[in-house]
Amino acid sequence: MLKLSKYNQRSLYGGLIAAIITGAGVFLLGNISGYEAKKLITSSLPGINMLCNTIVLASATILALLLTLLGISSGSKSKLKREHYTQVMAIAKLDTVLFVIAIILFQIFNIPITESEELPTTWYSNIYWATLFLSSLLSGGMVSVILMLYNTVINMIKIVGLGEEDHPLVFKEDDNDVTNE
């Protein structure tokens, strides 16, 4: 398991808060019947599909941009500590998980379940709650990735752009942290 820095922990908390806020709106609806859930699923699926598409596109773009970040990191005159690279790795892992889950959910949400005559109406309520719960998790996960990326970019600007030599992620000769382990 990857040890998370305080920046990544705060980012994950931010994503959790975003998931809770988006999920809380769902509970304001209260209990719904199967027929109401079927109508709500039909009306919310285009938005959920758009969310999945957006997360897939954003995740793929972020993974490509992480390669650029690594190029800048390795090309800078300051040697960076191992912690910087583990932060980038944590972003890449969470981003990849979001990418895969968003693609799978997109495929699942494209199954025309509301047109099925075989499903009992009581199932629609559970399906509706599950779709809203999963979309809240996706949203919270994407918020976490963006916050983690923001922290990493700010650190890189301070180190590479502004030339901070006393930054906690800059390797100094007297440090015991080795970057090439």
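Two residues are taken to be in contact when heavy atoms of the pair lie within 4.5 Å of each other. On this basis, S144 touches S11, L12, G15, L16 and L94 in the predicted model, residues up to four places away in sequence being left out of the count. S144 is located in helix α4. With a relative accessibility of 3%, S144 falls under the 20% limit and is therefore classed as buried. The side chain of S144 also takes part in an approach between polar atoms: one of its polar atoms is placed 3.1 Å from the backbone oxygen of S11.

Helix α4, which spans residues 121-161, also contains I159. The relative accessible area of I159 is 2%, so this residue is buried. Beyond residues up to four places away in sequence, the contacts of I159 are with S78, L80, E164, H167, L169 and V170. For one of these partners, L169, the separation along the chain is 10 residues, and the C-alpha atoms of I159 and L169 are 8.2 Å apart.

The confidence of the prediction was examined next. The mean pLDDT of the chain is 81, and 86% of the residues score at least 70. Among the elements of the chain, the highest mean pLDDT, 90, belongs to helix α3 (residues 82-109), whereas the lowest, 79, belongs to helix α1 (residues 6-27). Residues 177-181 have a pLDDT below 50, and this stretch makes 11 contacts in the model beyond near neighbours in sequence. Where pLDDT is low, predicted coordinates should not be read in detail.

An unreviewed UniProt entry places the feature "transmembrane region" at residues 12-35, 47-70, 90-109 and 129-150. Two of these segments were characterised in the model. Residues 47-70 are 100% helix and 0% strand, with end C-alpha atoms 34 Å apart. Residues 129-150 are likewise 100% helix and 0% strand, and their end C-alpha atoms are separated by 31 Å.

The largest pocket has a volume of about 230 Å³. Its lining comprises 15 residues, and those nearest the centre of the pocket are L98, L137, L138, G140 and G141. Helices α1, α3 and α4 each contribute at least two residues to this lining. The largest share, 6 residues, is supplied by α4, the helix in which both S144 and I159 are found.

How values were computed:
Residues are numbered from 1 along each chain as its sequence is written. This is a predicted model: local features need pLDDT of at least 70, side-chain atom pairs count only at pLDDT 80 or more; totals for chains, interfaces and linings use all residues. Side-chain values use heavy atoms; hydrogens and water are left out. Helices (H or I, at least four residues) and strands (E, at least two) are DSSP runs, numbered from the N terminus. Buried means under 20% relative accessible area, exposed over 50%, partly exposed in between (1.4 Å probe, protein chains only). A polar contact is a pair of N or O atoms within 3.5 Å; within protein, one must be able to donate a hydrogen and the other to accept it, and residues adjacent in sequence count only if both atoms are side-chain atoms. pLDDT is the predictor's confidence in each residue, from 0 to 100. UniProt positions are given in the numbering used here, feature names are shortened, and annotations may be inferred rather than shown by experiment. On a 1 Å grid over the protein atoms alone, a cavity is a set of points where a 1.4 Å probe fits but cannot get out, and a pocket is an open set with protein on both sides within 12 Å along at least five of seven lines; lining residues have an atom within 4 Å of a point. Grid points are joined across faces, edges and corners, and a volume is the space filled by probe spheres set on the points.
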